[in-house]
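I kept these notes while going through the model one spot at a time.

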Amino acid sequence: MLVVIAGGTGRLGTAVAGRLVEAGHRVRVFSRGLTPRAQLDPRVEVAVADVRDPASLPPVLAGASVVVSAVQGFVGRGGATPANTDRDGNAALVDAARAAGADVVLVSLVNASPDSPMELARAKAAAEEHLRRSGVRWTIVRSDAFIQAWVALLEQTSKDGRPVVFGRADNPVAWVDVEDVADVVTAAVLDGSLRGRTLDVCGPERLTLGQLALAVMRRGGVAGRPRRVPRPVLYVAARTVGVARPVLGRQMRAALAMDVMPPADDSVTRAELPGLAGRGVSDVLGLRRR
């Protein structure tokens with residue numbers, strides 16, 4: 001079986017590709033020319049295509065049994081945005097998969113909704129709806145926020161080891177290990193009985209963004225408190241500085257949205273897939289007491 005992974009050179013795509021080749025499947029990953037991660041298995045085929053360019057998709061999808069979408073435009077690399085990548089790009093990928101006769105596994109977000117306060121969640125919801133109406137056999141994997149991605153973001157904002165947190169940062173989030181998400185995506189690829197299902201996956205520890213920042217500081221042996229941008233300042237900055245710097249503005253608006261997002265629950269998914277590891281922030285950061 002050939003599995004094609006869009007966004008396959010990223011953290012999640014790399015993990016899924018490795019699991020599938022270990023299981024004996026042929027895997028082809030593609031991205032818009034980004035350098036593959038060092039951890040990408042050498043048995044994986046690497047191609048260049050862009051979900052924002054529908055004409056580039058048929059050659060890389062040829063012969064695929066399952067197409068996985070692990071794309072995201074939130075961080076804005078190469079001009080990617082949630083609108084042109086997560087919404088329109090996923091729609092183009094679904095249409096190309098239908099033409100190729102392939103199933104689709106779409107990686108989305110918990111709480112994806114057309115009326116979400118978060119731009120990325122609205123874009124993912126539009127992609128989900130397009131997929132459901134496409135006639136393609138599908139599975140949707142809805143993930144909470146990746147621990148590794150947000151830890152990296154906090155570290156990028158650190159000064160003297162103290163990261164910046166935006167907004168109130170007091171709303172608990174079930175931060176999820178990307179390896180857990182990879183396990184669910186891999187199961188969705190290989191188990192045809194999961195077609196027509198939406199599988200939520202999140203982590204076992206519910207921490208606020210402020211608590212996550214403190215955990216990052218603890219790992220680094222840094223005392224004190226994170227630096228904070230208050231919600232009113234953040235709101236104004238998103239409408240001013242965020243216009244000139246769209247990626248920063250997107251991050252600011254996402255932080256405002258995270259202050260009010262409802263909690264996620266993946267108990268149904270974990271009951272169906274009991275082998276999931278369920279590593280939390282403390283495990284990923286190595287903070288568990290021995």
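**Entry 1: threonine 186.** I looked up burial here: threonine 186 is buried, with a relative accessible area of 9%. For the record, buried means under 20% relative accessible area, exposed over 50% and partly exposed in between, with a 1.4 Å probe and protein chains only. I find threonine 186 in helix H6. Helices (H or I, at least four residues) and strands (E, at least two) are DSSP runs, numbered from the N terminus. Setting aside neighbours within four places in sequence, I get Val16, Arg19 and Leu20 as the contacts of threonine 186. Contact means heavy atoms within 4.5 Å.

A note on what I am working with: this is a predicted model, where local features need pLDDT of at least 70 and side-chain atom pairs count only at pLDDT 80 or more, while totals for chains, interfaces and linings use all residues. Residues are numbered from 1 along each chain as its sequence is written, and side-chain values use heavy atoms, with hydrogens and water left out.

**Entry 2: the sheet.** In what order do the seven strands of the open sheet come? I read E3-E2-E1-E4-E5-E6-E8, with parallel pairing. Two strands pair if DSSP finds at least two bridges between them. Strand E3 (45–48) and E8 are at the edges with a single partner strand each, so one side of each has no neighbour in the sheet. From one strand to the next, the twist averages 20°. Angles run from 0 to 180 degrees between N-to-C directions, and the axes are lines fitted to C-alpha atoms, for helices over the stretch in contact.

I then went through some pairs. E1 and E2 run parallel and are joined by five bridges; valine 4 sits opposite arginine 28 in E2. H1 packs on the sheet, touching E1, E2 and E5, and its direction makes about 170° with that of E1.

**Entry 3: strand E5.** Is E5 enclosed or open? Seven of its seven residues are buried, so E5 is largely enclosed by the rest of the structure. In a regular strand the side chains alternate between the two faces of the sheet. I checked both faces of E5: Asp103, Val105, Val107 and Leu109 are buried on one side, and Val104, Leu106 and Ser108 are buried on the other.

Four bridges tie E4 to E5 in parallel, with serine 69 opposite leucine 106 in E5. Between E5 and E6 I see six bridges, also parallel, and serine 108 has arginine 142 in E6 as its bridge partner. Helix H4 (residues 119–133) lies across E5, strand E6 (138–143) and E8, at about 160° to E5.

**Entry 4: the cores.** The largest nonpolar core has 32 residues, and Ile5, Leu12, Val27, Val68, Val105, Val185 and Val189 have the most contacts inside it. By nonpolar core I mean a set of buried Ala, Val, Leu, Ile, Met, Phe, Trp, Tyr and Cys residues joined through side-chain atoms within 4.5 Å. Among the elements giving two or more residues to this core are strand E1 (2–6), helix H1 (11–22), strand E5 (103–109) and helix H6 (178–190). H6 supplies the largest share, seven residues.

I followed up valine 105: beyond four places in sequence, its contacts include Val67, Val68, Thr139, Val141, Val185 and Val189. A second, separate core of 28 residues includes Leu209, Ala213, Met261 and Val281.

**Entry 5: methionine 118.** Methionine 118 is in the loop between E5 and H4. At 12% relative accessibility, methionine 118 counts as buried. Not counting residues up to four places away in sequence, methionine 118 touches Ala254, Ala257, Met258 and Met261. I also took its C-alpha distance to glycine 24, 94 residues apart along the chain, and got 38 Å.

Entry 6: How many cavities of 30 Å³ or more does the structure hold? I count one, and the largest cavity has about 60 Å³ of space. On a 1 Å grid over the protein atoms alone, a cavity is a set of points where a 1.4 Å probe fits but cannot get out; a pocket is an open set with protein on both sides within 12 Å along at least five of seven lines, and lining residues have an atom within 4 Å of a point. Grid points are joined across faces, edges and corners, and a volume is the space filled by probe spheres set on the points. The lining of the largest cavity includes Phe166, Leu209 and Met258.

The second largest pocket comes out at about 150 Å³. Residues lining this pocket include Arg11, Arg37, Gln148 and Glu179. H1 gives the largest share of the lining, three residues.
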